Amino acid sequence: MTAPARRPGPTPAHRSRLGIAAAAALLASTPAAGACFWTVPRNLALPETNTLYWRAEFRLERGERLALAGDFPHARQMSFALHRASDNAGVAAARDVDLEPVAGADNPYRPGSRRHAVRRGFSVEIDPWAAAAPGRMDGGVVGQGPFDGRLLYRIYLPDRSKPGGGVALPRVWKVAPDGVRTPLGGDCPDPRTVDMRQTLGPTRIPPGPGAVTDPIEWRGSAAAPGSSGDLLVNRDNAYAYALTSFARGELLVLSGIAPTHPRTLDGARRMGVGQVRYWSICAYRHPSDRSAACVADEAIPLARDRRYTIVIGPAARRPSNARPDCGVAWIDAPADGDGAVLLRHVAPDPGFANTPLNITPDQLARDVLGPFEPVGRYLTRSQFEARGCRGGR
């Protein structure tokens, strides 16, 4: 769990050399019936509850590659991440803006694009044998094969009217060195009908350094880009965390300034821009890192100066004024045990400096986040209710 140094945004040349590279003519075949190539992972650590996760595991012999063809989902962001199954090391990654649409189609994730274009197909080729460019992880698998891989497909914040992203899962083929393609199946579920919730499980992530403090203390998270394991890695993600405890029956109240972001949840016609593509706050519990509740950026009421208030606590202690019409977002948290809150920035703009992407692991976050650091203090329910309802602040 390490945060990388600040990186420039991908250039066209960078995108053209991705180990997951755009490919153009993969729509002719139909996958065979049988088990679906994609599964829903039930053991994700620190999941974002407004995000859909699909995973696939596969084996490629030397010179083989995978070809995917699908439709861009109706959502805020999507990405693919390829990992080596033996140690979960990241091998390649591509996000939505890197993918070329098929002929005559639109990429709805590029700034200003039509988000609901009827023709929205894309194709992508996954080639772990491609040579890695200096300083990047775009393939370059060492050895003669075989390659056992794990692919994670993320869809952030599907449109409210398009459950599951509103499109079918990508179709998949294994491509031999001579170009012969074998469909990998199969009989996949409709993403709109799949329950992504995870059952509770034992943690594999120990609490980070630091202590429960008041006000809370944000640090750079070890669950940041560049760490190993497909359960954590997303090259677009950056995190900061703070340890929490509700043992004394208190509520945690966060206040801060929200970064700008596109608005898509209610079906905006064009893709906007912002300081980040997406951001959220999540509450987790130890010893179970899969006990999570998150609030997405568009569910957080904002004042005119983009200030917000988020209250986190056990459901039974929710204040009467912790609701959107009072200008407050609410997050359920377990009543017992210690936990953590996680600030997540997805795909921050290269020019936006106040992001966890610039925080080194375990570093105190205030010097980097600046005015965008959420200030968190503990209050009792009666103390918060005494503030009254401040809707339309």
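What is the handedness of the link of Cys 36 and Cys 188 about the S-S bond?

**View 1. The disulfide of Cys 36 and Cys 188 in the predicted model.** With 85° about the S-S bond, this link is right-handed. The pair connects distant parts of the chain: Cys 36 belongs to the loop between β1 (20-22) and β2 (51-60), whereas Cys 188 belongs to the loop between β9 (181-183) and β10 (219-220), and 152 residues separate them. The sulfur atoms of Cys 36 and Cys 188 lie 1.9 Å apart. Cys 36 counts as buried because its relative accessibility, 16%, is under 20%. Cys 188, at 28% relative accessibility, counts as partly exposed.

**View 2. The disulfide that joins Cys 282 to Cys 294.** The S to S distance is 2.0 Å. Both partners are placed in strands, Cys 282 in β13 (residues 278-285) and Cys 294 in β14 (residues 292-296), and they are twelve residues apart. The link of Cys 282 and Cys 294 is right-handed, with 110° about the S-S bond. Cys 282 has 0% relative accessibility and therefore counts as buried. Cys 294 also counts as buried, at 15% relative accessibility.

**View 3. The disulfide formed by Cys 326 and Cys 389.** The two sulfur atoms are 2.0 Å apart. The link of Cys 326 and Cys 389 is left-handed, with -105° about the S-S bond. Cys 326, at 2% relative accessibility, counts as buried. Cys 389 counts as partly exposed because its relative accessibility, 46%, falls between 20% and 50%.

**View 4. The three disulfides within the chain as a whole.** With the bonded cysteines numbered in sequence order, the pairing reads 1-2, 3-4, 5-6. The secondary structure of the chain comprises three helices and 18 strands. Of its 393 residues, 54% count as buried. Among contacts in the chain with a separation of 6 or more, 75% are between residues 24 or more positions apart. The chain exposes about 16,400 Å², of which carbon and sulfur atoms supply 52%.

**View 5. The second largest pocket and its lining.** The volume of this pocket is about 440 Å³. Its lining consists of 21 residues, and those nearest its centre are Thr 49, Thr 51, Asp 195, Met 196 and Arg 197. Strand β2 provides the largest share of the lining, with three residues. By class, the lining of the second largest pocket contains eleven nonpolar, five polar and five charged residues.

Technical notes. Residues are numbered from 1 along each chain as its sequence is written. This is a predicted model: local features need pLDDT of at least 70, side-chain atom pairs count only at pLDDT 80 or more; totals for chains, interfaces and linings use all residues. Side-chain values use heavy atoms; hydrogens and water are left out. A disulfide is a pair of cysteine sulfur atoms within 2.5 Å. Helices (H or I, at least four residues) and strands (E, at least two) are DSSP runs, numbered from the N terminus. Buried means under 20% relative accessible area, exposed over 50%, partly exposed in between (1.4 Å probe, protein chains only). Contact means heavy atoms within 4.5 Å. Accessible areas come from the Shrake-Rupley method with a 1.4 Å probe; for residues, only the protein chains shown count as cover. On a 1 Å grid over the protein atoms alone, a cavity is a set of points where a 1.4 Å probe fits but cannot get out, and a pocket is an open set with protein on both sides within 12 Å along at least five of seven lines; lining residues have an atom within 4 Å of a point. Grid points are joined across faces, edges and corners, and a volume is the space filled by probe spheres set on the points. Ala, Val, Leu, Ile, Met, Phe, Trp, Tyr, Cys and Pro count as nonpolar, Asp, Glu, Lys and Arg as charged, and the others, Gly among them, as polar.
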